[in-house]
Amino acid sequence: MINVCGIGIVKNRDNGEFVLVKGVSHEKDDVFNKGSLKGLRRADNFSKIAVLAAKSALDDSLLSGIEKDRIGLILVSAFGPHITTFRFLDDILNYGDNQVSPILFSNSVHNASASYISTNLNLQGPTLSITHFTQGLLQASYIAQSWLGENRCDYILLGHVDQSGKELEYILSRTPELKPFSAGIFMLLSKNDTPKTYCAISDIISAGNIYITLQGLIK
Amino acid sequence: MPRIAITGLGAVSACGNNCAQILEGFSSLRRKAGPPSLFESDLDFPVFEADISISTDGSRMRTVELTIHALKEAIDQACLFDFSGIRLGICLGTTVASQLNDIAFYKEYRQKGSASFQAVDRFLKGNLACAIADHFSINPKFCITVVNACSSGADAIGVGLSWLNSDLCDVVIAGGADELSRIPFAGFNALGVVSDSLCAPFDRDRKGLNLGEGAGVLIMEKEATASKRGIKPELFINGYGLAADAYHLTSPHPQGKGLKKAIGIALNNAKIKPEDVSFINVHGTATRENDKSEGLVLKEVFGREVKFTSTKGFTGHTLGAAGGLEAIFTALSLSCGWIPSSVGFMNMDPDIGISPVSKKTQIEGRYALSTSLAFGGNNSALVISKD
């Protein structure tokens, strides 16, 4: 059994504002404020969403004194920081290959957000970024299960981050089953007893290419 | 834990189109680099392009084509032509193939507000692990693409090892691939880490990396599964370590904190000591920071006499392919009993204090290590052995 012992969500409201949800109910406005963005001055919005959601899940767990090299991180994204990638392409088209921004390039790399999380939260355990268009979080759950079983870490921050933008909306305009959204959701997973437990993942089932469910048992 | 065998190896890079050609290239010190021909750029730096003709109508990414090429070699070597009834996992690493970065598409979209969907379709069909499953008409139990930047290939192998150790799979296709692209070419130049001459890993006067492309794919399976198929494996994956620096987005930790930890985990995982390691195929990009931090860790953990080589002088830095290719080069070296010269190296850097091998060098011993450091502070280490 794997306990879900912390949840953090950053989501986009219809008016474009981002809100932070710690746990399952507490909603906080003005998520991108000066205090919360410390250490993220050069980060793009994709990485800001990722860091704030991951930190929120960790805070929500009420755990203290965890050894930071015993926390693993698995970050899933279908499309990665594509808005930043297109801004980097703007640089190439506007100024040429020799005049592009190193910061835009750095932020456009798929695992930049995982790096911002590990650096800002000082997480020194195994860190993995993966991509899959439809089943990333479920595929990642198996990796989390394996890592905990192999004792690679005691806790895993498992999250999914994606971002909507006008280019992606155009790209997905012919595939209605893929809906772009802007949000980050993280769960803190552990096999240990924890102060707070939302549910336990009792089984993860795959049937061919169809991954059925994360079965939760409310404690 | 079951013993995890490597039963198939497949590789393509600028140094050769298969494992045999690459070994011959290592022996003859082949460094096939030149200006980029796959894209236009106003930058003038050498790159290492793979010399394979890709019969494509533009419907597939070059990264996918490179992977298919390498995987065919690995499948042939593993004699694994029928995947039915096998719990299969596919885990492949990449960087370029994970991004919506088609300049022609974006230029047209920017001008008109709409654009041809050919590049979009290529991207949406190009999630590397899924594209490989589709091409070979196989239905894996697990199928995921790792995007851990320059350690992606090594980490994909590590994920495969975890699946096998956890009895989730019987066989795993793992490794990494990347094509040369104008985007990282411009981006790495902006970061100030590209050399205008051929790279010289660990050399005192090194000036930076050269980009390359390729694919390195392994077939991994439990020894018992291989035995049932009548295969007697020679090579094994014994351990994997992964640790974050938690230090900086683009620079490695100066003392290699995360790398040291990753190596320790991998050795512990394999139940061996540093003195059991006969050689190390290092990440060795030839940037000032990478080589210094990696060299300091090697000296501390393995001592001044450690035998190590960087093969990036033959392949360039192949980004998401590097970890897969270099795991294969490590396995081939164990199998052949020699490691290639760390080509490009001339003089020891006093700030590092140890030198890679500067000629083809015989090795003895059962275990070897392959290290990968990545953008974002990721550090990976794989222990590979020969029976």
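Two strands pair if DSSP finds at least two bridges between them. In this predicted model, β5(A) and strand β4 (residues 142-146) of chain B meet that condition, with two bridges in the antiparallel sense.

**Contact between chains A and B**
- Chain A brings 51 residues into contact with 50 residues of chain B.
- On the chain A side, the elements giving two or more residues are α2 (82-95), α3 (102-108), α4 (112-121), β5 (127-131), α5 (136-149) and α6 (166-171).
- By class, that side has 22 nonpolar, 25 polar and four charged residues.

**Strand pairing across the chains**
- β5(A) runs antiparallel to β4(B) where the two pair.
- Ile130(A) has Val146(B) as its bridge partner in β4(B).

**Helix packing in chain A**
- Helix α1 (residues 45-60) of chain A packs on α4(A) at an angle of about 45°, and their axes are 9 Å apart.
- Angles under 35 degrees count as roughly parallel and those from 65 to 115 as roughly perpendicular, so α1(A) and α4(A) are oblique to each other.
- The crossing of α1(A) past α4(A) is right-handed.
- From α1(A), the contact is made by Phe46(A), Ser47(A), Ala50(A), Val51(A), Ala54(A), Lys55(A) and Leu58(A).
- From α4(A), it is made by Ala112(A), Ser113(A), Tyr116(A), Ile117(A), Asn120(A) and Leu121(A).
- Nine nonpolar, three polar and one charged residues form this contact of α1(A) with α4(A).

Conventions
Residues are numbered from 1 along each chain as its sequence is written. Chains are lettered from A and ligands numbered from 1 in the order in which they are written. This is a predicted model: local features need pLDDT of at least 70, side-chain atom pairs count only at pLDDT 80 or more; totals for chains, interfaces and linings use all residues. Two residues are in contact if their C-beta atoms, placed from the backbone, lie within 7 Å. Helices (H or I, at least four residues) and strands (E, at least two) are DSSP runs, numbered from the N terminus. Ala, Val, Leu, Ile, Met, Phe, Trp, Tyr, Cys and Pro count as nonpolar, Asp, Glu, Lys and Arg as charged, and the others, Gly among them, as polar. Axes are lines fitted to C-alpha atoms, for helices over the stretch in contact, and angles run from 0 to 180 degrees between N-to-C directions. Angles under 35 degrees count as roughly parallel, over 145 as roughly antiparallel, 65 to 115 as roughly perpendicular and the rest as oblique. A crossing is left-handed if the near helix is turned anticlockwise from the far one by less than a right angle, and right-handed if clockwise.
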